[in-house]
2 protein chains.
Amino acid sequence: MTQAPGAASVTSALLVIGDEILSGRTKDKNIGHIAERLTEIGADLKEVRVVPDVEADIVDALNALRHRYTYVFTTGGIGPTHDDITADAVAKAFGVSIDVDPRAKAMLLQFIAEKDLNESRLRMARIPAGADLIVNPVSKAPGFRLGNVFVMAGVPTIMHAMLEAVLPLLTTGARMLSETVLANAREGDIAAPLRAIAEHYPDVSIGSYPFMSETGPNTNLVVRSRDPERLALARDAVAAMVAALPPR
Amino acid sequence: MTQAPGAASVTSALLVIGDEILSGRTKDKNIGHIAERLTEIGADLKEVRVVPDVEADIVDALNALRHRYTYVFTTGGIGPTHDDITADAVAKAFGVSIDVDPRAKAMLLQFIAEKDLNESRLRMARIPAGADLIVNPVSKAPGFRLGNVFVMAGVPTIMHAMLEAVLPLLTTGARMLSETVLANAREGDIAAPLRAIAEHYPDVSIGSYPFMSETGPNTNLVVRSRDPERLALARDAVAAMVAALPPR
């Protein structure tokens, strides 16, 4: 990965494509994984959209996201069947042509015998003009990169491999660092002093996440900053506030 | 639920609010559940967006969604801490005022002793003008409905209870019915006849979902329609196509 100059912020969006996610039939497992990996490398995920297998919806969402964020990742809709329309939608969004790509066809032939490479399977080699391919070590049918958009499979094992192939290509920003302080208190009991700390450190993001522990309601306080010194100061302030709480 | 007249289509969108989902720290468990329930009652989920705890982002997404879909559901950001800004953002999106609501305060007092109802906890009773409350049987702090927008908690147990309280209030459309046919084939081997069936039944949605089974790659074919007769015809066509496949 190339580090962006200065503390320039690098942002990402994710577009999940598929009727099966919106019907609830398939439970998405990709959002959390992609979010985690992009945070780890400093290309923070800022927005996710899930849209159906409808060309106009994919085109509109893609055009909204690709102009707003440094990178856009898509998952889903790159298989051989009639409902796999992502590649065509991406070509349309960019206003470029799309056709069978010889490099992609060669990749398919590593996995599929020539006699089995029927018209439907050949659809998986349709790549918008000007795109770079993303290798698929699992089942060979590639994803692709066009401009700032990375088109990946929806099947999690394949998506994981494609994402790892793609991440080293990104220019990333300073990584968002994070520390968690367990409050041992209910959210409502620490909200006022926590707000005071958040106002004292406006450049540090401080989140409060209640959860039910074995001993009753508890709260994780998550302090985040790209600057390790500011992070340490804000974390220490939160920890001191927690330490000063009356016993439960 | 009230059935919408004729086969009028009722649509929903979901707005997930929270930095913790976008950082990957918390893995969303709400999208799949809400998708499933809305499909079951016939208020199909058509779009999901995940946005950070940033007022402008919440307002923009809410205004985009509420004008496009019959209903919008939100999850997250209605607790007592400084990063819980959903209620204020919803008020801003609708251009209405927001203040402590006596009904909501009374609900909080069922769960929180008056001496513990500090300013932070009282924030959970801030409700936009004109909203109806959504009861929270778990921890009392209510959600609310304003126009076509339903504002719910992000904690899954609370969100589940709020959703069940809300669903009977909706006007729903004809339910999308679904049948699954196991192909016992690779996607690329059935793509051509499947496309022919999909073209013969343009009013029926036919999806193809590959997965890895114990005996190798397999495919679920999902046929969906609001019309039971059309569904049965298309499903029979898919099943007949599968039955006619050569043995693997």
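Guide: Two residues are in contact if their C-beta atoms, placed from the backbone, lie within 7 Å. This is a predicted model, in which local features need pLDDT of at least 70 and side-chain atom pairs pLDDT 80 or more, while totals for chains, interfaces and linings use all residues. Residues are numbered from 1 along each chain as its sequence is written, with chains lettered from A and ligands numbered from 1 in written order.

Visitor: Which residues is Leu15(A) in contact with, leaving aside neighbours within four places in sequence?

Guide: Leu15(A) is in contact with Arg49(A) and Val51(A), with Ala61(A), Leu62(A) and Leu65(A), and also with Val72(A) and Thr74(A).

Visitor: And how many residues of chain A are in contact with chain B?

Guide: There are 46 residues of chain A in contact with 46 residues of chain B. Among the elements of chain A that each supply at least two residues to that side are α2 (30–41), β3 (44–51), α8 (187–200) and β12 (205–213), where helices (H or I, at least four residues) and strands (E, at least two) are DSSP runs.

Visitor: What kinds of residue make up that side of chain A?

Guide: The side of chain A that touches chain B divides into 18 nonpolar, 14 polar (Gly counts here) and 14 charged residues.

Visitor: How many bridges join β3(A) to β3(B)?

Guide: Three bridges join these antiparallel strands, and Val48(A) stands opposite Val50(B) there.

Visitor: New topic: what is the strand order in the open sheet of chain B?

Guide: The order is β11-β13-β12, with antiparallel pairing (at least two DSSP bridges make a pair). The edge strands, β11 (177–182) and β12 (205–213) of chain B, each pair on one side only. Six bridges link β11(B) with β13(B), and Val181(B) stands opposite Leu221(B).
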